[in-house]
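User: I'd like to learn how to read a few features off a protein model. Could you walk me through them one at a time?

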Amino acid sequence: MTYETGIEVFFIESNRIIRKATVVRRSGDFYILRFDEGGGIQLREGRIFPTKEQAEATLPGEKVQKKANSPYDYWH
């Protein structure tokens, strides 16, 4: 999906935080985004989402903790 300049988009930061930004410029497959509180970031198109709900849908779920295997578990 191509995003136009000035549109608000969402992206996932640190694999857990959804942040809102505004598209400033597009260069190839990269977009330069500006945060409302200042600062910015350059991301590939695949890391940007048009809505917060779509970004939330791609967040990793709860990890199921495996039981630690002990060498003694194999001697039953």
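Predicted model: local features only at pLDDT ≥ 70, side-chain atom pairs only at ≥ 80, totals over all residues.

User: Where is Phe 49 found, and what does Phe 49 touch?

Analyst: Phe 49 sits in strand β5, residues 48-49. Leaving out residues up to four places away in sequence, Phe 49 touches Tyr 3, Val 9, Phe 10, Phe 11, Ile 12, Gln 54, Ala 55 and Thr 58. Take Phe 11 from that list: Phe 11 and Phe 49 are 38 residues apart in sequence, yet their C-alpha atoms are 6.0 Å apart. Glu 8 is 41 residues from Phe 49 along the chain, with 9.4 Å between the C-alpha atoms.

User: Is Phe 11 buried or exposed?

Analyst: Buried, as its relative accessible area is 1%. Phe 11 has its place in strand β1, and its contacts beyond four places in sequence include Ile 17, Ala 21, Leu 33, Phe 35 and Leu 43.

User: Which residues make up the largest nonpolar core?

Analyst: For a core, look for buried nonpolar residues joined through side-chain atoms. Here there are ten: Tyr 3, Val 9, Phe 11, Ala 21, Val 23, Tyr 31, Leu 33, Phe 35, Leu 43 and Ile 48. The elements giving two or more residues to this core are β1 (8-13), β2 (17-27) and β3.

User: In what sense do β3 and β4 pair?

Analyst: For pairing, check the direction of the strands and their bridges. Strand β3 (residues 30-34) and strand β4 (residues 40-44) pair in the antiparallel sense, over five bridges. Leu 33 stands opposite Ile 41 in β4. The hairpin has five residues between the strands, and Gly 38 there takes a positive phi near 105°.

User: How many salt bridges does the structure hold?

Analyst: Five. To read one, find the closest N and O atoms of the two side chains, then ask where the partners sit. Lys 20 bridges to Glu 8 at 3.9 Å; this pair links distant parts of the chain, with Lys 20 in strand β2 and Glu 8 in strand β1, twelve residues apart. Lys 20 also forms a salt bridge with Asp 36, at 3.7 Å between the closest N and O atoms. Asp 36 lies in the loop between β3 and β4 and Lys 20 in strand β2, so this pair ties together parts 16 residues apart in sequence.

User: Which residues are linked in a network of salt bridges?

Analyst: Glu 8, Lys 20 and Asp 36. Lys 20 is partly exposed, at 36% relative accessible area, and Glu 8 counts as partly exposed at 42%.

Definitions and conventions: Residues numbered from 1 in each chain as written. Heavy atoms only, no water. Pairing = 2+ DSSP bridges. Helix = DSSP H or I, 4+ residues; strand = E, 2+ residues; numbered from the N terminus. Contact = heavy atoms within 4.5 Å. Core = buried A, V, L, I, M, F, W, Y, C linked by side-chain atoms within 4.5 Å. Buried < 20%, exposed > 50% of the residue type's maximum accessible area, 1.4 Å probe, protein only. Salt bridge = Lys/Arg side-chain N within 4 Å of Asp/Glu carboxyl O.
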